[in-house]
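Let's take a friendly walk through a protein and its ligand. Have a look at the picture first, and then read on.

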Amino acid sequence: MKDSILITGASGSLGDMVWQRLADAGYHILAPVRSQKSVDALQSKEVAATILNLTDEAAVRTYVRDIKEKRNIVGAVLLAGGFMAGDLLSTNKDTLGKMIALNFETTFYLVRELIPVFEQGGGGRFIFIGSKAALEAEEGKNKVAYALSKQLVFHLAELVNAYGKGKGMDATVIVPSTIDTLKNRQFMPDADFTKWVSPEAIADTIYFALSEAGRQMRNSILKLYNES
Ligand SMILES: NC(=O)c1ccc[n+]([C@@H]2O[C@H](COP(=O)([O-])OP(=O)(O)OC[C@H]3O[C@@H](n4cnc5c(N)ncnc54)[C@H](OP(=O)(O)O)[C@@H]3O)[C@@H](O)[C@H]2O)c1
């Protein structure tokens with residue numbers, strides 16, 4: 001049986017490139033997504049796409065219980081997330097709640113369920129997706145709820161790494177600046193796209209992090225900013 005990588009956000013702009021890169025490398029892909037439309041878009045014999053709301057704690061538990069019986073899961077690439085603009089003064093309970101659910105809860109519940117699976121299997125690798133906005137205040141000052149929610153993802157990686165020490169378990173955080181996606185090009189038509197980070201570069205970096213050599217990295221934060 002092929003090793004499986006669980007990828008969230010596989011139907012998104014970045015996820016599309018990532019799942020194809022990892023499938024080409026010989027992995028079987030487990031892809032929980034939000035809608036039937038996304039399941040349909042992921043039709044490939046290498047991908048098992050399933051509808052799952054990643055903010056639904058009980059549904060995530062059931063999903064992991066089911067897949068762990070059927071597949072050998074060696075890694076999880078947790079890309080699901082999203083963005084809202086807003087400075088300090090305009091950020092409220094609603095935007096905070098939405099951003100924390102979308103960027104942090106979608107990561108946390110899966111991580112919690114997968115840790116025992118990795119432990120039982122002798123190890124496993126998590127790849128999280130952060131954001132430059134969470135690391136640099138100048139970048140985050142107009143995306144406050146987003147920056148705060150992504151900061152939780154960085155801290156979760158540290159907690160996973162503290163727990164996983166000596167157990168072959170590790171979390172790496174990939175930190176993109178602006179990704180060169182169609183959506184971003186449409187949203188910022190006057191920007192210099194050559195300065196953005198390419199989804200291909202991120203997919204290659206994730207592939208490396210999952211490789212034999214990459215598995216020797218510990219507590220890594222990989223900044224892919226290109227020139228933006
Ligand atoms: N784009 C950028 O410039 C940029 C920069 C820095 C960091 N990032 C981060 O990179 C990641 C990917 O970005 P992207 O541009 O590819 O985003 P995207 O195109 O908006 O895709 C978001 C993905 O997350 C999934 N998702 C969202 N909520 C979900 C939920 N509750 N349950 C299950 N799946 C859910 C979506 O599934 P459905 O398709 O089924 O809805 C979709 O696959 C995000 O975490 C983002 O914050 C992006």
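This report goes from the whole chain to the ligand and then to a pair of helices.

## The whole chain

Keep in mind that this is a predicted model. The protein chain contains 9 helices and 7 strands.

How does the radius of gyration fit in? A compact globule of 228 residues would have a value near 17 Å, and the protein chain has 17 Å, so the two agree.

## Around the ligand

Which residues are closest to the ligand? Of the 29 residues that surround the ligand, the closest are Gly-9, Gly-12, Arg-34, Ser-38 and Gly-81. By class, the shell has 11 nonpolar, 17 polar and 1 charged residues.

Two helices to look for here are α1 (13-24) and α4 (93-120), as each supplies at least two residues of the shell. The most comes from α1, with 3 residues.

## Two helices side by side

Two packed helices are described by the angle and the distance between their axes. For α4 and α7 (residues 144-164), the axes come within 8 Å and cross at roughly 15°. Angles under 35 degrees count as roughly parallel, so α4 is roughly parallel to α7. Their crossing is right-handed.

Which residues meet? On the α4 side they include Leu-96, Met-99, Phe-104 and Val-111, and on the α7 side Tyr-146, Leu-152, Val-153 and Leu-156 are among them. The contact of α4 with α7 has 14 nonpolar, 4 polar and 1 charged residues.

How values were computed:
Residues are numbered from 1 along each chain as its sequence is written. This is a predicted model: local features need pLDDT of at least 70, side-chain atom pairs count only at pLDDT 80 or more; totals for chains, interfaces and linings use all residues. A residue is near a molecule or strand if its C-beta atom, placed from the backbone, lies within 6 Å of it. Helices (H or I, at least four residues) and strands (E, at least two) are DSSP runs, numbered from the N terminus. Ala, Val, Leu, Ile, Met, Phe, Trp, Tyr, Cys and Pro count as nonpolar, Asp, Glu, Lys and Arg as charged, and the others, Gly among them, as polar. Axes are lines fitted to C-alpha atoms, for helices over the stretch in contact, and angles run from 0 to 180 degrees between N-to-C directions. Angles under 35 degrees count as roughly parallel, over 145 as roughly antiparallel, 65 to 115 as roughly perpendicular and the rest as oblique. A crossing is left-handed if the near helix is turned anticlockwise from the far one by less than a right angle, and right-handed if clockwise. Two residues are in contact if their C-beta atoms, placed from the backbone, lie within 7 Å. The radius of gyration is taken over C-alpha atoms; the globule rule is 2.2 Å times the number of residues to the power 0.38.
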